[in-house]
Amino acid sequence: MPDAPPITTGATPTQYDLFISYSRKDNASGWVTALKDHIWQDHRKFSTAPLRIFFDTQEIKDADDWRHRILGALQSSKILLVCLSPDYFKSTCCEWEFREYVRRQVHQLMGSDSIAQVYFIEVPGAADEQKIARDWHEQLMRHNYTDVRPWFKEGPQALQREDVKARLAALGATLWERMQRARRAMSAPGNLRWQNPHFLGRTEELRLLHESLGLGRIGVVTAVQGLGGMGKTELAVAYAHSFADSYPAGLWSLGAEHAKELLPLIGKLAWERELGFTPSEAEKNDAALLGRGVLAHLKARSQTVAERDPDRGAACLILLDNVSEPDLLSPAQLATLPGGMGAGWLRIVATTRLDLKGQKDRLGLVAVDALDDDTALALLRDHQPPRDAAGRITDLEHGTPLFADAAQELAARQIVRALGGFTLAVEQVAVFLGLHPEVTPVAFLADLERLGLISIDRMVASDDEVKAALLHQTKLLGHILDQTQQRLSPPARYALHLATQLPPDCVPWPWLRELTMQKFAELAQPGDFGSDPWQSVQRQLTGLRLLTTSDEPEIARVHRLVAAHVGEHAKEVVPVLDAYLGQRADVVYRQQEAPQAWELAALMNGLPHRLQSSDQPHASLINDAIFVTEKLVIYRTLPDARGFAEQVHEQAQRLAQSDPANAAWQRDLSVSLNKLGDLAIAQGDLPAALRWHTECHGILQRLAQSDPANAAWQRDLSVSLNKLGDLAIAQGDLPAALRWHTECHGILQRLAQSDPANAGWQRDLSVSLNKLGGLAIAQGDLPAALRWFTEDLDIAQRLAQSDPANAGWQRDLSVSLEKLGDLAIAQGDLPAALRWHTECHGILQRLAQSDPANAGWQRDLSVSLNKLGDLAIAQGDLPAGLRWFTDAKAIAQRLAQSDPANAEWQRDLSVSHFKLYQFANKSGDEAMAGRELRACYEVLRGMKQRGLHFDPQLANLFAQLEHAFGT
């Protein structure tokens, strides 16, 4: 096996993947040596990535020298493989190796799971063998092991037995899985994916990139002639890992395709678990604000690192991968970053196919050209199996990756020239030839010649010649990928076909696994000794670099050119994949608990991708996607949800236009419009909300008129009317609001009368009565308001009594009681008002006590306390008023402190302070009045500084307080 330089991940060198700990007496027959070679050979079946095994065969001459030599290997090994036997437990050297490994390595990676065992010879119990340290024995013997005891006496020849091979194949699979986990664990802070271990050359580009970033410029990695597959992303990732010591605050990666604004894009890092950032409600509702919050969090991390280790600096690196929009790197966007084009703690690298030569004065442009012949040839050689001096394949550690002879090397050089330094194609050929040594470079070259694919060997200057060169390289890559696919197992080929139909940067491993298992049932059955057959599929795809790792362990990537070629011939999986996406969307929508972050992201990217890729829009998938929007509102941001909803809406519109007579598709379009309208309202964009809801209303009105007996369409129409009425109220148009809500009420009244047992329709009618009562008060018609509110209370009471455990109906009842209480105050009937508000308070108190974490119920309770305080003051009971106001302020303070960006909660706190100021004035406590008024001003000033919304009443109060307290 060849010696190799260490892989560098962050600032931590990893020299060995596996350390074999054994007694030399057990290797007298060559068993351990054969085991080591077998492990390497098993790894080689799946991957050409280096597997570095530390296997010490030297005799121990000097204890100090031995310990010094072994210690470094122990510290840098991902996994300790122990060969269990009586002689192993008798060896003080083996005991030292085990204890040193556990002491220095286990807790940094995977604990005891980073230790694997092969059981050679029966070991006596610790009580029977006094020479065995009891804790050492117990720690090793209680773990699972690969048992080869029945065959150990046969010597290395036993490894040729099928039953032994099966056991060791299971061992190889678990070692591979552990190494993957170890590599992730040892990566630098951040979400940047693992580096390609075969990255070669590009030293000048790496140097230029580092110099550009050091000058405070944005480092932009570009490709000549916009050609994909040149290795832009690999260069950026290699740079990040190679210079990770310069970025102790973290290495962060973002897919930038289609993004036009920097702050909203950077805000997407908020959902990376590694960042440890929790956005406020205001940040979730404002993409730019979220981006600023993420940058502030990264800056704080940088300052923490700088304080802990001033000599290392505290820069963090953000990789913007595949920038497709010139606006993203425009001066206007770069100016939104802290410090303009880059603060001292922030560095940015972008990869793109765009031609940005006109911006080289402020962007550090680094062109990624074709690989030179020598580097490309070295890449092919690096993947070759190790050979001895005679060119024979060997798995001995003295072997070196080499071509078999001069003729093969000459053929490899001709292949490189035929590929024109096209990095992706060179890499695919290198991996293919490395994993299939039976296909020689001479034979592969002959195949290319037979197909006429070596006629062009360089990209040239003219447009026509460039187009010809690009077409030629595309054909080359297609041929290489076809050859590679032929060697895949059927399950691996099927999984690859599925992956090519998903977004290239967001291919979920769990989805591929489940769908592949549905087609190949044998994958669901545990393999020999409990091994997982799916790991073999995953190893094939990643070993051939058809799929690569991403920022998330659950997410893979497929190169766009690979997806384009393979996906064109993989359409048979589309119906299965679309049906599965719809199923997953429905599960995520219906589940009560928070969805997995990776799956929500996969749906957010995958659903629009599948809808846009389809020639005919998929009706059920559109419907499923619309409802996923609700989860994005809760667990992502309003801008994310709105962007997603707009993409889905385009497809719903396309579908509805394809068949205007299809009522179901028209109704789906109305649901999409309704969702967009609600999102616009949540963002405060009332003009957009009015457009969406008006268009939605038009569709629903036509449907309802076409079939007046269709109760579902009538109910949909009532919802639309209700939304328009609320928008009219928000815009101050009370006559229009009254028209919308009156028409809505008429529909709901008819529905409720048609089926009095339908609780949903009764509840809808209750809400409608409440709205009409509020409008009557706004117009000064108190008798009408009393009629509406009384009728509303009757329904709310019946529902609440029918199911006391239904929190929603209990809260509805509290709202009805509150409305009647407010109306009684307006009528001057304070005793009645006190009764209504006291009953309302009782309900809200029970709800708040049942779930103290429910901020909405806590807020409702604080409003209720303030109402009771007002009533107590109005009746002259100042002590009771003070108690109610004080309790309300305590809740308001807790909520306001939990989220300083929540405008509603900050407003509530300012109101509490102002009420206590009014109380203090009334009771003659000037000191208290001054304190509370100053506190009210400070809350409002904080809101002003954070750019939070002021309604006219609050704005007027702030102006007065600013005049009194402002400097």
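Q540 is buried, with a relative accessible area of 14%; buried here means under 20% relative accessible area, exposed means over 50%, and partly exposed is what falls in between (1.4 Å probe, protein chains only). The model is a predicted one, so to speak of local features takes a pLDDT of at least 70 and side-chain atom pairs count only at pLDDT 80 or more, while totals for chains, interfaces and linings use all residues. Residues are numbered from 1 along each chain as its sequence is written, and side-chain values use heavy atoms, with hydrogens and water left out.

Q540 sits in helix α20, residues 533-543. Helices (H or I, at least four residues) and strands (E, at least two) are DSSP runs, numbered from the N terminus. The Q540 side chain makes a polar contact with the side chain of S489, at 3.0 Å. Such a contact is a pair of N or O atoms within 3.5 Å; within protein, one must be able to donate a hydrogen and the other to accept it, and residues adjacent in sequence count only if both atoms are side-chain atoms. Leaving aside residues up to four places away in sequence, Q540 touches F46, L488, S489 and A492, where a contact means heavy atoms within 4.5 Å.

Now for the strands. Strand β3 (residues 16-21) is mostly covered, as 5 of its 6 residues are buried. It runs parallel to strand β5 (residues 77-84), and 5 bridges join the two; for strands to pair, DSSP has to find at least two bridges between them. S21 stands opposite V82 in β5. β3 is also joined to strand β4 (residues 53-54), again parallel, by 2 bridges, and here F19 stands opposite F54. From β3 the chain crosses through helix α1 (residues 31-44) to β4, a right-handed β-α-β crossover. Right-handed means that, with the strands pointing away from the viewer, the path from the first strand over the helix to the second runs clockwise.

Elsewhere, an open sheet of 3 strands has the order β15-β17-β16, with antiparallel pairing. β15 (507-508) and β16 (548-549) stand at the edges with a single partner strand each, so one side of each is left without a neighbour in the sheet. The pairing of β15 with strand β17 (residues 555-557) is antiparallel and covers 2 bridges, with I555 of β17 as the bridge partner of P508.

On the cysteine side, the count comes to 0 disulfides, taking a disulfide as a pair of cysteine sulfur atoms within 2.5 Å. C316 counts as buried at 0% relative accessibility, and C840 counts as buried at 3%. A390, by contrast, is exposed, with a relative accessible area of 52%. A390 lies in the loop between β13 (386-387) and β14 (400-401), and its C-alpha atom is separated by 8.5 Å from that of D405, 15 residues apart along the chain.

Taken as a whole, the chain has 38 helices and 17 strands, and buried residues make up 53% of its 967 residues. Of the contacts with a separation of 6 or more, 71% are between residues 24 or more positions apart. The average pLDDT is 83, and 88% of the residues score at least 70; pLDDT is the predictor's confidence in each residue, from 0 to 100. Over residues 105-109 the pLDDT stays under 50, and the model has 16 contacts beyond four places in sequence for them. Residues 455-462 are also below 50, with 21 contacts in the model beyond near neighbours in sequence.
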